[in-house]
Amino acid sequence: MLIKEFISQTNKNQMISMILKHYGVGSVKLKYKSMRDYAHFDVDRGELQLSTKYKTIKKSQIKEFLITIIHETYHAMDAKKYGWKKFKEMYELEMNYQISQGKDEYKDNKYEIAAEEFGQSNYTKWLQKFKKEGLI
Ligand SMILES: [Zn+2]
């Protein structure tokens, strides 16, 4: 039996573009960057930035990887829905609100909570789909 330990770059990029397209944000660009976080959606640039730590991923990282991609896709969907300028304002307002409440600007941020829930509740569906298509 052949065990593929790593997911190929091609398959990984294909999975990302399938997810983005499915949620109507296929125009989002993908960029690898050296950064502390695993991923970030750059509202100004309409760019999904992925850490170079994700250049190659192991099979054991696939769950976390998919949740991350779906989470960031949700931010892209919000940016599309409200317009990026408006969404940026809304997001910053929420950050300031959480800070004023003595809470965490990210962990308690309603947009972050919604994005994480979206990732958590949708990754199994994608996992099954990608397995079926032989991408993972
Ligand atoms: Zn987020």
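Modeller: Start with Ala76. Setting aside neighbours within four places in sequence, Ala76 is in contact with Val25, Val28, Phe41 and Leu48. Keep in mind that this is a predicted model.

Ala76 also belongs to the largest nonpolar core, which has 20 residues. Ile19, Leu66, Ile69, Ile70 and Ala76 are the members that touch the most others. At least two residues of this core come from each of α1 (9–22), β4 (47–51), α2 and α4. Helix α2 gives the largest share, eight residues.

Take Ile69 next. Ile69 sits in helix α2. There are 24 other C-beta atoms within 10 Å of Ile69, and the cut-off for burial is 20 or more, so Ile69 is buried. Leaving out residues within four places in sequence, Ile69 is in contact with Ile16 and Ile19. Ile19 is another of the core members that touch the most others. Along the chain, Ile69 and Gln49 are 20 residues apart; their C-alpha atoms are separated by 9.9 Å.

The axes of α1 and α2 cross at roughly 35° and come within 10 Å. The crossing is right-handed. On the α1 side, the residues are Ile16, Ile19 and Leu20. They meet Ile69, Ile70 and Thr73 of α2. By class, this contact has five nonpolar residues, one polar and no charged.

Now turn to α4. Helix α2 covers residues 62–82 and helix α4 covers residues 110–132. They pack at an angle of about 130°, with their axes 7 Å apart. That angle makes α2 oblique to α4. The crossing of α2 and α4 is right-handed. The list of contact residues runs along both helices. From α2 come Lys63, Leu66, Ile67, Thr68, Ile70, His71, Tyr74, His75 and Asp78. From α4 come Tyr111, Ala114, Ala115, Glu116, Phe118, Gly119, Gln120, Asn122, Tyr123, Trp126 and Leu127. Sorted by class, the residues of this contact are eleven nonpolar, six polar and three charged. Two names carry over from the core: Leu66 and Ile70 are among the members that touch the most others, and both take part in the contact with α4.

One pair shows the meeting at residue level. Ala114 lies in helix α4. Ala114 and Tyr74 are 40 residues apart in sequence, yet 8.2 Å apart in space, C-alpha to C-alpha. Ala114 has 14 other C-beta atoms within 10 Å; buried needs 20 or more and exposed 12 or fewer, so Ala114 is partly exposed.

Next comes α3, residues 84–100. Its axis and that of α2 come within 6 Å and cross at roughly 115°. This crossing, too, is right-handed. Asp78, Ala79 and Tyr82 of α2 meet Trp84, Lys86, Phe87 and Met90 of α3. The class count for this contact is five nonpolar, no polar and two charged.

Ala79 is in helix α2. It has 22 C-beta neighbours inside 10 Å, so it counts as buried. Not counting residues up to four places away in sequence, Ala79 touches Val43, Trp84 and Phe87. Ala79 and Asp44 are 35 residues apart in sequence, and their C-alpha atoms are 9.5 Å apart in space.

Lys29 is found in strand β2 (residues 29–33). It has 11 C-beta neighbours inside 10 Å, so it counts as exposed. Apart from neighbours within four places in sequence, Lys29 is in contact with Gly46, Glu47 and Leu48. Lys29 and Ile99 are 70 residues apart along the chain, with 31 Å between their C-alpha atoms.

Notes
Residues are numbered from 1 along each chain as its sequence is written. This is a predicted model: local features need pLDDT of at least 70, side-chain atom pairs count only at pLDDT 80 or more; totals for chains, interfaces and linings use all residues. Axes are lines fitted to C-alpha atoms, for helices over the stretch in contact, and angles run from 0 to 180 degrees between N-to-C directions. Helices (H or I, at least four residues) and strands (E, at least two) are DSSP runs, numbered from the N terminus. Angles under 35 degrees count as roughly parallel, over 145 as roughly antiparallel, 65 to 115 as roughly perpendicular and the rest as oblique. A crossing is left-handed if the near helix is turned anticlockwise from the far one by less than a right angle, and right-handed if clockwise. Two residues are in contact if their C-beta atoms, placed from the backbone, lie within 7 Å. Ala, Val, Leu, Ile, Met, Phe, Trp, Tyr, Cys and Pro count as nonpolar, Asp, Glu, Lys and Arg as charged, and the others, Gly among them, as polar. A nonpolar core is a set of buried Ala, Val, Leu, Ile, Met, Phe, Trp, Tyr and Cys residues joined through C-beta atoms within 7 Å.
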